[in-house]
Every structure is written in structure tokens, then in C-alpha cells.
Amino acid sequence: MVMSERDVAAVVERVIRERRDQAGPLLPILHGIQDELGHVPRNAVPTIAEALNLSRAEVHGVVRSGRRLSRSASALLDLIEKQGRSNL
């Protein structure tokens, strides 16, 4: 199922609200978005940065360096396919 931009934004905002008060909230927020959407959408970075009073570069750097985080659904599918091959 493909979600509209509005639905994606609602998920991002909800995850931020639910996790922003945790200690070190950036990773829990990113993991929550990944769990809900299967990836961290590029357009979520400014929303996360503003909510946590971080720069976009800081958020982008964590997303980019995170091994478990994916920036696109296709990247997630590639990862799943590679993991499936390694289990053969």
C-alpha cells in the first residue's frame, strides 16, 4: 500500500510526539519511523530536526550513518533481498 504524503507526515509527527521526551530521542524517533514506514523519508529530516532543535545536517548524518536505517523503501527491499541470499 502506498501512503500519501499527508499520511507519511502524520506518522512522522506522531512518532516524534511519542518519543521526543525520551533521553537521546533522535535514534528512538528514527527507529520508530523506520518501523512504521519501512524507511526514513527524506522529507522527514527537516521535521525531526525542528522538533529536536537540531540541524538538518545532524539528523541527516545520523540517518546516513545508521546501519539499520534506510532512506528509501527500495533500499530496504535491497537489504532484505541481500539478507535472504546470505541465508541460502
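Helix H1 passes helix H2 in a right-handed crossing, where right-handed means that the near helix is turned clockwise from the far one by less than a right angle, and left-handed that it is turned anticlockwise. This is a predicted model, in which local features need pLDDT of at least 70 and side-chain atom pairs count only at pLDDT 80 or more, while totals for chains, interfaces and linings use all residues. Residues are numbered from 1 along each chain as its sequence is written, and side-chain values use heavy atoms, with hydrogens and water left out.

**The packing of H1 and H2**

Two packed helices are described by the angle between their axes and the distance between the axes. H1 covers residues 5–19 and H2 covers residues 26–37; they pack at an angle of about 140°, and their axes are 9 Å apart. The axes are lines fitted to C-alpha atoms, for helices over the stretch in contact, and the angles run from 0 to 180 degrees between N-to-C directions. H1 and H2 are therefore oblique to each other. Under the convention used, angles under 35 degrees count as roughly parallel, over 145 as roughly antiparallel, 65 to 115 as roughly perpendicular, and the rest as oblique.

Contact means heavy atoms within 4.5 Å. On the H1 side, the residues that meet H2 are Val-8, Val-11, Val-12, Arg-14, Val-15, Ile-16 and Arg-19; on the H2 side they are Pro-28, Ile-29, His-31, Gly-32, Ile-33, Glu-36 and Leu-37. The residues of this contact comprise nine nonpolar, two polar and three charged. Here Ala, Val, Leu, Ile, Met, Phe, Trp, Tyr, Cys and Pro count as nonpolar, Asp, Glu, Lys and Arg as charged, and the others, Gly among them, as polar.

**The protein as a whole**

The secondary structure consists of five helices and zero strands, and the order of elements from the N terminus is α-α-α-α-α. Helices (H or I, at least four residues) and strands (E, at least two) are DSSP runs, numbered from the N terminus. Of the 88 residues in the protein, 31% are buried; buried means under 20% relative accessible area, exposed over 50%, and partly exposed in between (1.4 Å probe, protein chains only). Among contacts between residues at least 6 apart in sequence, 52% join residues at least 24 apart. The protein exposes about 6100 Å², of which carbon and sulfur atoms supply 50%.

**Individual residues**

| Pair | Separation in sequence | C-alpha distance |
|---|---|---|
| Val-11 and Ile-33 | 22 residues | 7.3 Å |
| Ala-49 and Leu-26 | 23 residues | 8.9 Å |
| His-31 and Val-15 | 16 residues | 9.4 Å |

Val-11, in helix H1, is buried, with a relative accessible area of 10%. Not counting residues up to four places away in sequence, Val-11 touches Met-3, Glu-36 and Leu-37. His-31 is placed in helix H2 and counts as partly exposed, at 24% relative accessibility.

Ala-49 belongs to helix H3 and is buried at 3% relative accessibility. With residues up to four places away in sequence not counted, the residues that Ala-49 touches are Leu-54, Ser-55, Arg-56 and Val-59. Asn-53 lies in the loop between helix H3 (45–52) and helix H4 (56–65). Asn-53 is exposed, with a relative accessible area of 72%. The phi angle of Asn-53 is near 55°, a positive value in a residue other than glycine.

Conventions: Areas by Shrake-Rupley, 256 points an atom, 1.4 Å probe, with all protein chains shown as cover.
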